[in-house]
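Dear colleague,

I am handing over the structure below, and after it I set out what was found. Please read the notes with the coordinates open beside them.

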Amino acid sequence: MFISDRILVLDFGSQYTQLIARRIRENRVYSEIYPFNASIDKIKDFKPKGIILSGSPSSVYEQNAPIPDLGIFRLGIPILGICYGMQLMAHLLGGEVSKAAKREYGRAELILDKENDIFKDISSKTKVWMSHGDRIEKLPNNFSIIAHTDNSPIAAIADSRNRLYALQFHPEVVHTIEGSKILSNFIFNICGCSPTWTIKSFIETAKHEIAEKVKGEKVICGISGGVDSSVTALLVHQAIGDALTCIFVDNGLLRQNEALKVEETLRKNFNLKIICIDASERFLKRLDGIKDPEKKRKIIGKEFIKVFEEEAKKIEGVKFLAQGTLYPDVIESTSFKGPSATIKSHHNVGGLLKRMKLQLIEPLRELFKDEVRLLGKELGMPEEIINRHPFPGPGLAIRCIGNVTKEKIEILRKADAIVLEEIKKSGLYSELWQAFAVLLPVKSVGVMGDERTYENVIAVRAVTSLDGMTADWAKLPYGVMENIANRVINEIRGVNRVVYDITSKPPGTIEWE
Ligand code: XMP
């Protein structure tokens with residue numbers, strides 16, 4: 001079977017660790033992240049052609065500073081230290097590190113002092129991104145300085161004979177203009193990797209692995225309408241065909257047409273076997289009178305599992321459950337658990353696996369979100385599905401503030417549809433992380449015609465974000481806001497006021513509940 005060259009990233013807790021792995025994969029070399037204390041045996045099993053030591057909020061001279069297994073320096077493969085990774089190499093290999101008089105944060109000009117493979121074809125003066133409070137006082141044995149900045153006389157060092165390299169700046173962030181080239185110098189020129197890891201090669205390997213594992217048994221997969229579960233279902237279907245049955249639970253808290261559209265696409269365009277369950281009444285009944293957001297989440301999560309299990313049991317002889325877990329959910333690190341780590345908990349199927357004696361298939365567990373999108377595209381999934389905004393599992397229930405009723409959900413669903421329509425019309429959809437309506441539990445006075453009204457308030461929320469962890473409220477053009485407000489009030493009975501949420505995250509959250 002095809003196995004591409006691999007680079008291992010050891011994570012010491014930097015906010016940029018994931019970015020390093022992604023940059024390497026963008027160069028079509030497979031990369032994984034292991035915690036800093038991974039054992040040397042585990043590291044050897046991965047068969048890396050090179051190792052990158054990430055940055056960290058720690059200092060090497062602190063008592064509990066994260067230290068890797070020193071065996072990595074005896075593997076004879078190239079190692080690149082970044083920021084803390086650099087100081088760590090200095091500290092562990094005979095140099096000295098101390099607190100810098102001045103913290104250096106932001107852009108700096110790197111001036112190359114010596115020719116070196118890691119700087120092949122890099123300009124002699126180039127902009128880099130610095131973020132550090134420590135500096136190297138004494139070089140480790142066999143190392144020499146290969147670049148400096150005004151503030152850091154030792155900004156890059158190398159022991160080329162032993163293929164050890166270290167950078168004080170962050171090549172993985174876009175502010176380091178030639179950072180991607182520096183990383184590719186490391187993985188191609190120094191580690192000797194070939195750029196063979198592509199989504200196409202991933203698909204072939206994944207299909208083969210799924211078929212091998214399943215061996216003709218039956219598989220079920222829950223589809224939610226989101227990109228992760230849709231792509232999972234499509235990939236598994238291409239591997240094993242009709243041995244896969246998908247289950248789609250309509251909890252009555254979905255957006256207008258949206259999830260149904262996905263279901264239709266998967267069924268019509270790709271011939272997936274899908275069982276659709278309209279469980280809206282059940283969910284609404286359970287939610288009756290519940291105001292507390294966390295209770296809503298728990299109820300919806302529990303009910304989902306129940307409905308799903310009931311349906312799954314009707315399919316005879318099921319042995320596997322396919323699930324769209326992504327790489328950020330499984331990386332063994334506490335420094336960057338993506339929002340999906342907690343999000344997925346509501347679809348926590350641990351109990352179900354046990355009760356039904358099912359085994360898990362998680363074909364996307366090595367992929368980042370943008371890679372899942374590429375995969376979906378490669379499998380022929382329409383852009384419209386691939387680039388959909390995230391939608392929370394508890395759906396409209398956590399956007400209907402306070403208690404949830406069928407009538408309120410109807411109002412909210414209509415308002416939400418108008419918000420999305422207008423955003424799409426304005427061409428801004430792909431620039432936003434999410435855009436939606438929230439139904440507030442207050443009434444306000446208005447006038448319509450000659451009549452005084454006393455009706456509901458809709459809040460519109462639109463945010464930009466890279467990963468949902470932090471977000472900025474979107475500065476929507478006034479014209480777009482105006483169209484939304486006019487349409488919501490004119491077209492929806494029971495709403496007489498629209499407000500726009502201008503809170504960023506933090507301190508706000510994206511959702512209101
Ligand atoms: P917050 O509101 O925490 O949201 O800023 C961050 C991201 O997570 C989504 N979200 C959820 N997704 N179940 C989900 O599947 C949930 O309970 C949930 N709560 C928040 C939210 O839409 C945003 O993308």
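This is a predicted model: local features need pLDDT of at least 70, side-chain atom pairs count only at pLDDT 80 or more; totals for chains, interfaces and linings use all residues.

Leu 93 sits in the loop that runs between helix H3 (84-92) and strand S5 (96-112), and, leaving aside residues up to four places away in sequence, it touches Phe 73, Pro 140, Asn 141, Phe 143 and Leu 164. The C-alpha atom of Leu 93 is separated by 9.9 Å from that of Leu 70, the two residues being 23 apart along the chain.

Turning to the chain as a whole, the domain assignment divides the protein into domain 1 (6-190), domain 2 (199-386) and domain 3 (405-500). Between domain 2 and domain 3, whose C-alpha centres lie 29 Å apart, eleven residues of domain 2 are in contact with 14 residues of domain 3. The area buried between these two domains is about 910 Å², with carbon and sulfur atoms giving 51% of it. Five residue pairs are found in polar contact across this interface, and the count of salt bridges between the two domains is two. As for individual salt bridges, Lys 406 forms one with Glu 281, where the closest N and O atoms are 3.3 Å apart.

The next element to look at is helix H15, which covers residues 406-425. Just after H15, Gly 427 takes a positive phi of about 80°.

Which residues of H15 are buried? They are Ile 409, Ile 411, Leu 412, Arg 413, Ala 415, Asp 416, Ala 417, Ile 418, Val 419, Leu 420, Glu 422 and Ile 423. The elements that cover them include helix H7 (258-270), strand S15 (434-448), strand S16 (451-464), helix H16 (478-491) and strand S18 (495-500).

Within H15, Glu 422 may be worth a separate look. Its relative accessible area is 5%, and it therefore counts as buried, the cut-off being under 20%. Not counting residues up to four places away in sequence, Glu 422 touches Val 480, Asn 483, Ile 484 and Arg 487.

Methods:
Residues are numbered from 1 along each chain as its sequence is written. Side-chain values use heavy atoms; hydrogens and water are left out. Helices (H or I, at least four residues) and strands (E, at least two) are DSSP runs, numbered from the N terminus. The expected span of a helix is 1.5 Å times one less than its number of residues. Buried means under 20% relative accessible area, exposed over 50%, partly exposed in between (1.4 Å probe, protein chains only). Contact means heavy atoms within 4.5 Å. Domain bounds come from an automatic or database domain assignment. Buried area is the accessible area (1.4 Å probe) that two parts lose on being put together, summed over both. A salt bridge is a side-chain nitrogen of Lys or Arg within 4 Å of a carboxyl oxygen of Asp or Glu. A polar contact is a pair of N or O atoms within 3.5 Å; within protein, one must be able to donate a hydrogen and the other to accept it, and residues adjacent in sequence count only if both atoms are side-chain atoms.
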